[in-house]
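Good morning, and thank you for joining this meeting.

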Amino acid sequence: MANLLRNVAARVGRMAKRTPAAGPPPAQFARRRQVTALRRRRLVYAPQLDGQADPGEIVWTWVAYEDDPRQGKDRPVLVVGREGRTLFGLMLSSQRERDGQRHWLALGSGAWDREHRPSWVRLDRVLTMREDGIRREGAVLDRARFERVSQVLRARYGWT
């Protein structure tokens, strides 16, 4: 028993002396992991206003802030995939400074925004959502705009 306690104490001492990792990986690597998580997912336009969220629909749900996941806000999300009751989506923003930014694509305006402001979709942060976490269906994105989003995801990130 004494030997066991000495071994445990020695391990704890060695662990305490280890230097911690240099911190989280740079944000660019975290984003790449988020996007590539959906690599090999097939993008299919399949909206059906049936109470379930489908690819091609814009829904409203809670989205956590990247810098503090304990906080966030209710926002529109473009559904781009589904696996059972798990949905994959891309968040939208109506902030004009998004125009021309690398990971944002202009969508224009639509019924998902009461004020019909222009919106941008964020391409490098894939959200995983549960079906029961969707607050409401906002609108159906027309096929042409969904295909534009799909083309960029395929070209930049290897989606199918």
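This is a predicted model: local features need pLDDT of at least 70, side-chain atom pairs count only at pLDDT 80 or more; totals for chains, interfaces and linings use all residues.

The protein chain has a mean pLDDT of 78, with 75% of its residues reaching 70 or more. Across residues 2-33, however, the pLDDT is below 50, and beyond near neighbours in sequence this stretch makes four contacts in the model. Among the elements of the chain, helix H1, residues 2-17, shows the lowest mean pLDDT, 41, whereas strand E4, residues 104-108, shows the highest, 95.

Six strands form an open sheet in the order E4-E5-E3-E2-E1-E6, and their pairing is antiparallel. At the edges we find E4 and strand E6 (134-140), each of which pairs on one side only. On average, neighbouring strands of this sheet are turned by 50° against each other, direction ignored. Helix H3, residues 143-157, packs on the sheet and touches E2, E3, E4 and strand E5 (119-130). The direction of H3 makes about 170° with that of E4.

Within the sheet, E2 and E3 run antiparallel and are joined by six bridges. Glycine 81, for instance, has phenylalanine 88 in E3 as its bridge partner.

Which strand gives the most to the lining of the largest pocket? It is E2, with four residues. The pocket itself has a volume of about 310 Å³. Its lining comprises 17 residues, and Trp60, Pro76, Ser94, Asp113 and Arg117 are the closest to its centre.

Terms used. Residues are numbered from 1 along each chain as its sequence is written. Side-chain values use heavy atoms; hydrogens and water are left out. On a 1 Å grid over the protein atoms alone, a cavity is a set of points where a 1.4 Å probe fits but cannot get out, and a pocket is an open set with protein on both sides within 12 Å along at least five of seven lines; lining residues have an atom within 4 Å of a point. Grid points are joined across faces, edges and corners, and a volume is the space filled by probe spheres set on the points. Helices (H or I, at least four residues) and strands (E, at least two) are DSSP runs, numbered from the N terminus. pLDDT is the predictor's confidence in each residue, from 0 to 100. Contact means heavy atoms within 4.5 Å. Two strands pair if DSSP finds at least two bridges between them. Axes are lines fitted to C-alpha atoms, for helices over the stretch in contact, and angles run from 0 to 180 degrees between N-to-C directions.
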